[in-house]
Structures are given as C-alpha cells and as structure tokens.
Amino acid sequence: MEAFGLLLHGFAVLLTWKTLVLMMVGLVLGIFVGVLPGLGGPNGVAILLPLTFTMDPTSAIVMLSCIYWGALFGGAITSILFNIPGEAWSVATTFDGYPMAQQGRAAEALTAAFTSSFIGSLVAVLLITFLAPMISSFALKFGPPEFFAVYLLTFCSFVGLGREAKHKTVISMSLGLLLAGVGMDTVSGQLRMTFGSAELLRGINFLVAVIGLFGISEILLTMEERLALRGHAASISLRVVLGVWKDLPKYWVTLLRSSFIGCWLGITPGGAIAASFMGYNLAKRFAKEPESFGKGRIEGVFAPETAAHASGTSALLPMLALGIPGSGTAAILLGGLMVWGLNPGPLLFVEHKDFVWGLIASMYLGNVVGLVLVLTTVPIFASILRVPFAAVAPMIVVSCAIGAYAIQNAMFDIWLMLGFGVVGYVFKKIGIPLAPFTLALVLGNRAEDAFRLSMIGSGGDLKVFWSNGLVGSITTLAIVLLFWPVIDGLLARVGWTQRTRTTSP
Amino acid sequence: MRIPLKAVGAATALLLSAPAFAGWEPTKPVEIVVAAGAGGASDQMARMMQAAIQKNNLMKQPMVVSLKGGASGAEALMYMKSSEGDPNKVLIAYSLIYMLPLSAKIPFNWRELTPVSVIALDQFVLWDNSAGPKTVKEFVAAAKAASAPFKMGGTGSKREDHVLTVFLEQKTGAKFSYLPYKSGGEAATQLVGNHTESNVNNPSENLEVWRAGQVRPLCVFDKERISYTTKVTDTQSWGDIPTCKEEGVDVQYLMLRAMFLPGKVTPEQQAFYVELFHKVTQTAEYKDYMEKQALKPIFLTGKDMVQFLEEDDATNKSLMTEAGFVAK
C-alpha cells in the first residue's frame with residue numbers, strides 16, 4: 001500500500017523532539033485562541049504566522065496546523081459554557097451543549113464535544129490518507145449549479161427538518177438573507193443597501209452577528225432572569241470522561257452519519273460551514289424523540305461536533321490539492337504555504353512528499369495529543385462556571401467586544417454586535433429561532449452568487465439544476481427535505497411507514 | 001521600456017541622499033494592507049515582501065499582513081483613506097484604485113494617498129482547458145460556433161478581467177458569457193473542472209494548474225512576449241506563449257502593483273518606505289518571486305511614479321468608459 005508507506009515516512013519526518021515541542025506549543029496557543037470568541041482560528045493563525053517564517057516548512061506547518069486543531073477544540077468550549085460560538089461551525093454545538101452546561105453537565109458536554117471532534121477528524125484524516133487523489137477530482141466536479149444545490153440542500157433541511165414552527169424559520173432565514181445582501185455584490189460589481197455609509201461597504205460580518213446574537217443576548221437574558229449562570233459546580237473526574245466514552249457505541253449511527261456528512265461537505269470547497277448544521281438536523285430527524293433536542297441532549301453535541309471537525313479537517317484537502325481554502329483558517333494556512341515557496345496545487349502531492357505526508361502525519365499526532373490535552377483541562381474550563389455571574393459577565397462582554405473588534409479592526413462592529421445582541425434578545429423572547437438567521441447570513445451571499453452564475457452560464461434555464469446526476473440528485477434531495485413533513489405525513493397515511501408523524505407546533 | 005533606467009537613477013539618487021532623512025523609522029508594527037482575499041496574487045506578494053523584509057532584517061519593526069478584501073477590495077481603499085497621517089500602514093495596490101471609483105462610485109481617489117513606489121507590472125494571459133482548442137484562432141472559432149453560452153471565468157465584475165473580456169469580444173466578434181468569481185484561484189479551478197471554457201487569469205493564478213497540464217495558455221495580453229525563458233512545464237516557458245497581437249487579436253493590458261501610504265504623512269516617512277521597498281526589490285526573494293510568477297520588474301518612485309499613475313489612470317478610464325462600465 002503506497003499511502004501507508006508514505007504515511008510511515010511522514011511519521012519519521014515528524015518524530016523529533018523539536019517537532020513534538022512545537023506541536024504542543026501550537027496546540028496550547030490554539031486552544032487559547034479558540035476560547036476567545038471572535039479571535040478564533042483565522043486571526044490566531046494570522047497573528048502567529050510570521051513566527052514561523054524562520055522555521056523549515058515542515059516544522060512551520062506542523063505548528064500552524066496544531067494551532068488550527070487547538071482552535072477547533074477550543075471553539076467548542078465557549079459554545080458550551082457561554083453560548084458564544086467562536087467559529088461558524090460551533091454554532092450548532094450551542095443548541096444542546098449550552099443547555100447541558102446549564103443543567104450542570106458541562107463536563108459531560110465538553111467531553112462529548114472533544115471526543116466527537118477527535119472521531120470526526122480521525123475519519124477525515126483516514127479519508128485524506130487513502131483517498132486523496134480521488135477526492136480532489138470529485139471536488140473539481142463542483143461548478144456553480146452544484147454549489148447552489150448544496151446550499152439549497154442546507155436551507156431546505158433547515159425548514160423541512162427544523163423543530164420550530166415553519167413560518168418562524170422562514171421569517172428568520174429571510175431576515176438573514178436580507179442582511180447578507182448588504183455590501184458589494186460580486187456579480188454586478190455594485191453596492192447594495194449601504195446607504196452611502198463607508199462602514200457598511202464590507203457588509204455584515206457573520207462572526208460579529210453571531211457574537212451579538214448568541215453571546216450578548218444570553219447575557220441580557222441572564223441579567224433579566226436570575227443574575228447567575230445556571231451552571232453548577234460540575235464534578236469532573238476520570239469517571240465522567242469514561243462514562244461518556246462508555247456510551248459512545250450507542251451513538252455509532254450518529255457519529256458515522258455526521259462523519260460522512262462532514263467529509264462530504266468539507267471536500268466540497270467552501271461547504272464546511274454547512275456541515276455542522278446538517279449533521280445536527282439529520283441527527284434530530286432520525287432520533288426516536290426529536291423533541292428532546294435543544295434541551296440538553298448529548299447526541300445534539302456529538303452530531304454537530306463530529307461533522308464540524310470532519311469537515312474542518314477534510315477542508316484542508318481542497319486547499320492542498322486545488323489551492324481553494326475551505327475555511328477562513330485554511331485560507332491563512334494557504335498564505336503561509338506560499339511564503340515557504342510551496343504552491344498548493346495538483347503537483348504539491350508529487351513534488352513535496354515530505355511536506356504533505358509530514359502534515360498528514362501531524363494531523364494524526366496533533367489530534368491525539370490535542371484530545372489528551374483538552375480532556376485534562378476540562379476541569380479548569382468547567383470551573384469557570386463556578387465564578388459568580390457578576391464577575392464573569394463583564395469579562396464575557398469585554399472579550400466579545402474585543403473579538404468583534406479584532407475581526408476587521410473596526411469600532412463600528414462593536415456597535416453592530418451590541419445591536420445584534422438586542423435583536424437576539426427580542427428573537428428569543430418572541431420565539432424566533434436564531435440558527436436559520438445565522439445560516440442565511442453566512443451562506444446567503446454564496447448561494448445567491450452560485451445561483452446567478454448558474455443562470456448566466458445556462459442562459460437563464462432552470463433545467464441546469466438537473467443537468468447531470470450529481471447536481472440533479474442533490475437538488476431533488478433538497479426539495480424532498482423541504483417538503484419532508486408533508487411527504488412523511490402522506491407516507492404515514494397510506495401506511496408505508498409505522499412512524500408517527502411528529503407534530504409541529 | 002523607457003522607465004526602468006530613469007527609475008533606477010531616481011532611486012539611486014534618493015538612496016544616496018537617504019542619510020539626510022535618516023530621522024524616521026516605524027515605531028509600531030507595520031501593517032501591509034491587501035485589497036483582496038487570502039491566497040490571491042496581492043496576498044501572495046504581500047507575504048513575499050513580509051518574508052523578504054523579515055529574513056533580510058530590512059526593518060526593525062515586524063510587518064503584518066492585513067487582509068481587507070471586503071467589498072471587492074473597496075474595504076482596503078476606504079481603510080487607507082480613513083488612516084490619514086498614519087505612517088504604519090502601506091497599501092499594496094493594483095488597478096482597482098482606478099476602476100472601483102468608476103464602476104461602483106466608491107468615494108475614493110488615489111491622489112489622496114501618498115505614492116511610494118511601483119514595484120511590478122502584472123500580465124494577463126488567455127487560458128483554456130487543456131482539452132479545449134489549441135490556438136487562439138481555433139478558440140475564437142469555437143466561441144463563435146458555440147450554441148450554448150461560451151463561458152469566460154474571471155475575478156469580480158466590471159474589473160480588469162471583465163474589461164479584457166469585452167475587448168476580446170470587440171476584436172474577435174465572438175460572444176462570451178462572463179462569470180465573475182470571487183478570486184482568481186476559483187476561476188482557475190472552475191476552468192480545470194470544465195465549468196467555464198476559458199479565463200484571463202494572471203500568470204500566478206494559473207501557474208500550478210498549468211504545470212499540472214490541466215490548462216493551456218493561448219496568448220499574453222502585452223505588446224511583447226514575457227521575458228522569462230526557463231521551462232515552467234516540461235515543454236514550455238513563459239516566453240513561449242505568443243502575444244495576442246501575434247495571434248491576430250490586438251488587445252493589450254498590464255496591471256500595476258504599487259505601494260501607497262495614507263495621505264498626509266511626512267516626507268521623511270515617505271522616504272523611509274521608498275528606501276525599504278527599493279531594498280526589497282534587491283532581495284533574492286523578490287527576484288525569485290518575479291520570475292516564478294512571470295511579473296515584469298519595474299521600480300518607479302517620486303515624480304516618475306506620479307506621471308505613470310496619471311497615464312495609467314487615463315488609460316483605465318478610457319477602457320472602462322468604452323466597455324460601458326462607468327456608473328452614471
């Protein structure tokens with residue numbers, strides 16, 4: 001097996017004390033960066049990139065990718081403890097992770113998140129190791145219609161599989177789509193809805209919105225209701241960790257499904273963000289009692305985290321093989337590669353074997369070391385919840401503000417964040433779900449561009465979405481999911497399925 | 001080229017007189033502002049300069065790359081405009097400084113910034129998929145014969161790539177459907193995946209897929225061939241690509257890569273950066289980069305630079321007007 005030999009070679013390149021130390025340093029830095037909301041992976045890697053210029057490429061990329069793994073692990077911590085997602089793909093982790101923390105099961109939720117991250121990445125790395133060449137050619141099959149079909153699938157799965165009232169999901173999604181339109185429109189090259197303001201030129205940054213919608217609004221709610229974080233001193237020990245692990249086999253279907261979704265969307269350039277949402281929605285769909293999702297169900301942590309990390313890891317593949325970064329952090333890593341004279345592209349795998357296999361080997365090692373590292377620090381992070389709310393709340397608000405500012409170095413974004421905090425508070429009060437809003441904000445632009453490019457390319461013919469097997473099946477699946485409640489009901493009526501229809505409010 | 005000799009002369013004069021200004025140097029990390037997304041040609045160039053400056057100890061303060069590609073690069077322009085008097089920010093500019101104010105009515109004028117130096121000129125090449133037509137003539141014939149829209153990928157709308165497409169249409173009589181992607185890298189992959197029939201990417205954006213034999217360069221939009229003759233693929237060098245004029249399609253376009261400081265900085269501060277970037281152009285990193293990415297070396301500063309910018313601005317303006325891309 002050629003791949004296996006190359007991988008062993010990769011480990012040989014890697015197993016020196018110097019590289020291992022760099023790996024640890026990278027992971028620790030990454031976790032810290034991931035914990036600060038907004039600062040997140042991309043900024044962390046960007047800040048630390050120049051540190052690596054004097055290193056040789058392999059050591060440098062090992063350190064940077066470990067910062068990346070660390071940030072991926074770290075992102076889950078704030079999502080679970082404070083309802084503040086650090087990266088786009090941590091949003092779905094908050095749905096059940098945060099309720100769990102409120103019920104005093106923070107340690108359990110964190111263990112679940114870290115473990116499933118590990119499983120997701122592991123599956124993705126295995127995939128990269130053995131199927132790299134095949135996957136790169138699969139990614140090339142994606143033109144504008146295929147991209148649009150994937151985005152459509154994500155949107156439809158939200159409406160069709162969501163727990164909330166359908167009309168509220170649609171309202172929330174439409175508002176998100178509206179705000180996604182602010183700023184420069186790539187297809188026409190014109191400005192939209194900026195009203196002459198230079199601040200609005202950039203458009204509305206997704207992370208700024210998320211920090212406000214989730215983080216600030218949570219603080220507002222807490223202040224109103226009880227002035228205390230509901231989390232209780234979580235007793236954390238090896239027992240909790242082992243307890244979660246013992247239950248793992250029960251969720252093998254969820255883990256496998258999410259890994260699959262994650263890998264598939266990760267290698268679709270730019271699809272990584274949708275993965276965690278899809279993983280979550282499908283887990284909910286196939287669960288025996290979907291109503292319990294969103295109220296602190298461990299499966300609701302497993303599903304999005306596995307998918308997010310499988311996609312985060314497999315997103316490195318299109319970056320290496322095609323030069324297209326699948327995520328913000330991957331984009332910065334891409335910049336790093338170029339500095340070291342390694343041009344990502346089809347020939348990277350042929351011409352720089354040492355580097356590529358060293359990196360792949362570091363994915364294995366980095367994940368194992370990372371898992372151990374984060375698990376040992378769970379007690380420290382979980383104990384944050386024991387600090388009185390009055391002391392912790394200002395710190396959260398300040399770190400949210402720093403995070404929002406750091407994304408684009410813009411004071412305006414802090415005001416925007418506060419504005420979104422109020423919007424999030426109101427939404428929660430009137431029961432409009434926040435997730436479709438954030439999803440629309442992050443994917444709205446891409447979906448619109450992909451749709452319009454498809455239309456230009458086909459001369460305005462909608463049949464382009466069924467023009468080949470790949471795009472046709474994704475589009476059809478999207479429409480089936482959109483009307484799933486109706487289809488499910490019909491099937492139940494004609495007696496095709498025993499399944500009792502889940503009543504939507 | 002008439003400029004380089006004069007430019008080198010001017011630069012040397014400046015360098016010789018440098019001790020007179022030796023007073024100023026940055027006291028904070030210097031931000032190099034990129035008006036494009038990660039991985040694009042501007043970003044690659046900024047990273048190269050960052051590495052060249054750090055490895056050769058050209059400056060005491062570190063240099064950080066700050067990506068401000070929002071709103072098709074308008075974000076970077078407005079950021080520079082609002083940083084008046086701040087000598088710790090340098091913009092790595094390209095033709096967007098002329099085009100964006102025209103097409104999207106961005107309230108920006110490059111004359112409000114402080115010019116430092118022009119450091120390179122970038123080429124444009126007409127590419128198609130390696131399974132597509134082999135010459136410009138066959139390519140044009142295929143475009144004319146196509147029943148479905150013949151797709152040309154590019155970066156952004158109403159910008160360099162789009163302008164070139166319009167002029168290709170005018171000169172050949174063929175009709176293209178222009179697909180504006182977010183980056184040159186994306187345009188390259190879409191061509192490899194056969195989702196478009198062609199693109200007009202910069203050499204750097206298609207280099208890797210060319211080396212992998214997935215795309216074919218048809219012609220270069222310049223009056224002379226690219227001067228680099230080292231083999232890039234097994235059989236071809238940059239210099240082997242014919243000019244479009246040779247192939248009977250007389251369309252020419254070169255794009256500047258230039259450094260600017262915000263407005264209202266002192267002459268000492270300006271002089272520091274002129275010297276800094278002059279030193280950068282002497283480094284091995286810069287020379288390597290120029291050859292690898294097939295850029296045209298050039299170094300203009302002071303009056304020569306302003307004159308170049310004025311002429312270039314006029315050229316771009318007339319191209320944009322003729323293409324019908326100027327917003328009313």
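The following questions and answers walk through parts of a predicted model.

In this predicted model, local features need pLDDT of at least 70 and side-chain atom pairs count only at pLDDT 80 or more, while totals for chains, interfaces and linings use all residues. Residues are numbered from 1 along each chain as its sequence is written, and chains are lettered from A in the order in which they are written.

Visitor: Which helix supplies the largest share of the side of chain A that touches chain B?
Guide: Residues are in contact if their C-beta atoms, placed from the backbone, lie within 7 Å, and the contact takes 37 residues from chain A and 43 residues from chain B. Helices are DSSP runs of H or I with at least four residues, and strands are runs of E with at least two, numbered from the N terminus; β1 (183-185), β2 (190-192), α15 (328-339) and α20 (435-458) of chain A each supply at least two residues of this side. The largest share, six residues, comes from α15(A).

Visitor: Is Phe73(A) buried or exposed?
Guide: A residue is buried if 20 or more other C-beta atoms, placed from the backbone, lie within 10 Å of its own, exposed if 12 or fewer, and partly exposed in between. Phe73(A), which lies in helix α4 (residues 57-82) of chain A, has 29 other C-beta atoms within 10 Å, and therefore Phe73(A) is buried.

Visitor: How many residues of α13(A) are buried?
Guide: Helix α13 of chain A covers residues 299-314 and has 16 residues. This helix is largely enclosed by the rest of the structure, because the number of its residues that are buried is 16 of the 16.

Terms used
Contact = placed C-beta atoms within 7 Å. Expected span 1.5 Å × (residues − 1).
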